[in-house]
Amino acid sequence: MIKDRLLKSLFVSLWLTVLTFPVMVIRVNTIEDTVTWRWGNLLLILIGSYILSLLWNYALERQERGKKVKTNKLSIKIKEIKATFSQSRPMKTSGIAAALLAIFLFPFLTSFYQMSIMNTALMYVMLGLGLNITIGLGGILNLGYIAFFMVGSYSYALLNQAIGLNFWIALPIGGLVALILGIIVAVPVLRLRGDYLAIVTLAFGEIMRIVVENWSSLTGGPSGIRSIPRPAIPGVDLNLIDTAKLVYFIMIVLAALTILITLRLKDSRIGRALIAMREDEIACQSMGINITRVKVIAFALGAVFAGVAGVVFAANTTFINPASFTLWESVLVLCIVVLGGMGSIPGVIFAALVLKLMPEYLRAFSEYRMLVFGAVLVIMMVFKPGGLIPEKRKHYNFTNKDTAEFEEEGV
Amino acid sequence: MGVLEVKDLTMDFGGLRAVDHVSLEVNEGEIVALIGPNGAGKTTFFNCVTGVYNTMQGTVTINPPGREAEEIQKQKPHIITQKGLARTFQNIRLFQSMTVLENVMIGRHARMKAGIAGAIFRGKKTRLEEQKLLHDCYEILKKIGLEKWVNEQAKNLPYGEQRRLEIARALATEPFLLLLDEPAAGMNPQETQDLVELILKLREEESISVLLIEHDMSLVMSLSEKIYVMDYGKGIASGVPKDVKKDPIVIKAYLGEDIDA
Amino acid sequence: MGFDYFFKLFIGGMTKGSIYALIAIGYTMVYGIIGLINFAHGEVYMIGAFTALIVAGILSALNLPMFAVLLIAVAVAMIFSAGYGFTLEKVAYKPLRNAPRLSALISAIGMSIFLQNYVLLAQTSNFLPFPDMIPDFAFLEPVKQTLRTTQFIILVVTAIVMILLTLLIKFTKIGKAMRATSQDKIMAMLTGVNVNRVISVTFVIGSSIAALGGVLICSHTGRVHFYIGFLVGIKAFVAAVLGGIGSIPGAVLGSFVLGFTESFGAGYISSDYEDVFAFVILILILTFRPDGILGKSTKQKV
């Protein structure tokens, strides 16, 4: 009943207004000894929470009702468009060609600033895809993921300082160091259940950061390491803008590699084992799968990508310190995977681009960024746990006499 | 010796003795049923045999045809499955977001070799392995009668089909012994009849022995050559179906009172 | 150095332990009832402290005796935090009661971040000086160097809370309902227990106790910040796990063990790495004895 709904939301909004009254309306500043009353906020909460409550309850009800039937006109239209695209060969090839062209031309058509943003966004695409292997495929909540990123960065920075290690060689080394760390971390974590595992990974991430912050003799402490050499092509002299273009192409290649590897992994024996473990550990074990091994793989594999991305990050910004690798960064990457869709490659790419590019274009609202992230996590879990672009499993086409997949739908 | 021999299996949950010195034997090619009132400890018994619980006492010995006998108590579940014991679960435990075919493919995991390198590089060996896998799994689905659901997500299957999928998945592990935990739970008479035929067919064509927990007496009576009865964790009777049916101890356990037979 | 230093560290450890205990109780109660780590619990603690600050700020114009300000601030803080706890359960946890654990966990993290930034934006990112609302007791004057009044109050209050809580759980109807629900939710429902109400009550009790802790500790340290809930929350969680999650006496025991370890560790080994102790303990405990000191090992029913 509409009236009931309106009334219910009224109660909710009144409740929230009273609840948030002290924090939202009254601002006490004990440094300057002032007390400010912001009555405007009162109105804001009253009206805002009313509308939100209506939307929230409406969405909840729809979720209850519409669990089986999905006849949203818009989504049908989208499905039709997608079908026409993927079915016709010429459309598909021209679509891909256009995308490739856009990707290649991008650095030559945009400013240095825009390219830098895109470079960072691409790094997060790689991070998102990496974490996607651990969380999305393996179902293991690694809250300390950014530690692998940090380890990659510091490996390059320190090895470069110590033995003049070249950027290009540092790339695989960063991945290797992260891999080793991933295996080390996986060992104690192996037999823990979901919640405990998450906290322990968070603990690891924080321990790593605190150690790096305090071990000044090794890592430069809170001030970090400076003058890290940019990526360079031997013999070629690159200015700042051209270096950025180089980084861009490096990231495109790395991202493409990550996508390819993840794609291959998803529909392989190991990939299926990861997903089975995510869905039901006990059934997975009963099918003859060694869970311990699979968990280590989920961890370590995810770590490698972060490590490699870390090397590029260090080379790109030329200066790193522990402050770039906090829990918030881990949460951001988590957000990317959750928003995009666990196990879904296009979802994660989309979410990474959105979550990294949008704040740049919505600079005015940057204060609210984390607030929005927190809300997004809750909202996604309640309404769309599968993500914006949910994972889709591979379909195999069998002829009557069976065998041979030749048409594989679902990326 | 039977393909499975359990001696004096005992398992405690804190202060409660869930399984109390239970012994049973399954001979090659036999279909054996384990019955008893709810809470008798049957599923716990299964969990001990399959390694899900590993704090029990007693021995579990397997003797697969063509191999040496060995004791498997307290080993890890995945090792036990690799040795040829496969199971289904009382509450369906399918991999819900994977397709029907993929659920069966998982069963084959332990019999395959491809690792990370295989996954990434997709060399010839890996591709051939995957081809064979797809072929074999499709055949299994046809055998169970689920081939038309091939690409459907497991969670979208009707209930009876989900139960059959669990069996298909267990079958993919190439077991010599299948442990079925209430395979007919929630099925209507037609589905139950189909299930009986399926189990008999599997026993014939795959040379599999079966140990099943069931409450559906018609299925138990028509299918099993031997029945073991549990109550309050203890084994209280065993024998051929027609004898067990008349055993006053068994009747008392189910009905809770003496009844003149 | 010597004995004086040791005793100072000892008291410090007791104090820390008490605060962790006040918060750990909330974690362990919620975990016992719905099997979820309430990540946002630390934020409720922080909001309690902020609320008290705000109340004290308003009342400062009225020239009331310190003690009255303290009581009013604490009461208001506890009420509001209880409200936050109640609301956050309904918004972020209730809809996910039947969802996979991973989802509820992520939602909890989201709520934690949301609340932190909510306070950050609505108030300030600065460390705000927190008035010491606890009056000085004359009889403590001679031992002022080792035992400050704030510490004394913290210890006493914690002890009182423990006793009251134990009485509540053991002897009242709602306490029985809570114990029943934590052991077997479905059975409790079948015997007429209003499980929703029990869950809400659990959150309310845990949150108000945490708020109390928040006010006390901020009086002691003299400052408040939107981030304090997070770090303390993690440590209190470690304490709860250390003692055996789901067990209230365990939470208290674990809290004191952690408090002492941190205090002595920072005092004798290194104060830079103080935070690391909690994390290391967590990893050790979960590796070697995941059920905690007093925990009962729970077998998963398959």
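Predicted model: local features only at pLDDT ≥ 70, side-chain atom pairs only at ≥ 80, totals over all residues.
# Chatting through chains A, B and C

Visitor: Okay, and which way do β9 and β10 of chain B run, parallel or antiparallel?
Guide: Antiparallel. Strand β9 covers residues 226–231 of chain B and β10 covers residues 234–239, with five bridges joining the two.

Visitor: How many residues sit between the strands in that hairpin?
Guide: Two residues lie between β9(B) and β10(B). In this hairpin, B:Y232 takes a positive phi near 50°.

Visitor: Zooming out a bit, how is chain B divided into domains?
Guide: Domain 1 of chain B is made of 1–84 + 175–261, while domain 2 is 96–174. Taken over C-alpha atoms, the centres of those two domains of chain B are 27 Å apart.

Visitor: Switching to chain A. What are its domains?
Guide: Chain A has domain 1 at 2–58 and domain 2 at 111–327. Between the centres of these two domains of chain A there are 41 Å, again over C-alpha atoms.

Visitor: How many helices and strands are in chain A?
Guide: Chain A has 16 helices and two strands.

Visitor: What share of chain A counts as buried?
Guide: 45% of the 411 residues of chain A. On contacts, if you take those in chain A between residues at least 6 apart in sequence, 77% join residues at least 24 apart.

Visitor: Now chain C. How many of its residues are in contact with chain A?
Guide: 49 residues of chain C, and they meet 41 residues of chain A.

Visitor: Which elements of chain C supply that side?
Guide: At least two residues each come from α2 (41–59), α3 (66–93), α4 (101–122), β1 (128–129) and α11 (274–288) of chain C. The largest share of the side touching chain A is from α4(C), with 16 residues.

Visitor: How many nonpolar, polar and charged residues does that side have?
Guide: The side of chain C that touches chain A has 35 nonpolar residues, 11 polar and three charged.

Visitor: How do the elements of chain C run from the N terminus on?
Guide: The order in chain C is α-α-α-α-β-α-α-α-α-β-α-α-α, which comes to 11 helices and two strands. The radius of gyration of chain C is 19 Å, close to the 19 Å that the globule rule gives for 302 residues, so chain C is as compact as a globular protein of that length.

Visitor: What does the C-alpha trace of chain C span?
Guide: About 60 × 45 × 40 Å along the principal axes of chain C. Of the 302 residues in chain C, 53% count as buried.

Conventions:
Residues numbered from 1 in each chain as written. Chains lettered and ligands numbered in written order. Domains from an automatic or database assignment. Helix = DSSP H or I, 4+ residues; strand = E, 2+ residues; numbered from the N terminus. Buried ≥ 20, exposed ≤ 12 C-beta atoms within 10 Å, placed from the backbone. Contact = placed C-beta atoms within 7 Å. Pairing = 2+ DSSP bridges. Nonpolar A, V, L, I, M, F, W, Y, C, P; charged D, E, K, R; others polar. Rg over C-alpha atoms; globule rule 2.2 N^0.38 Å.
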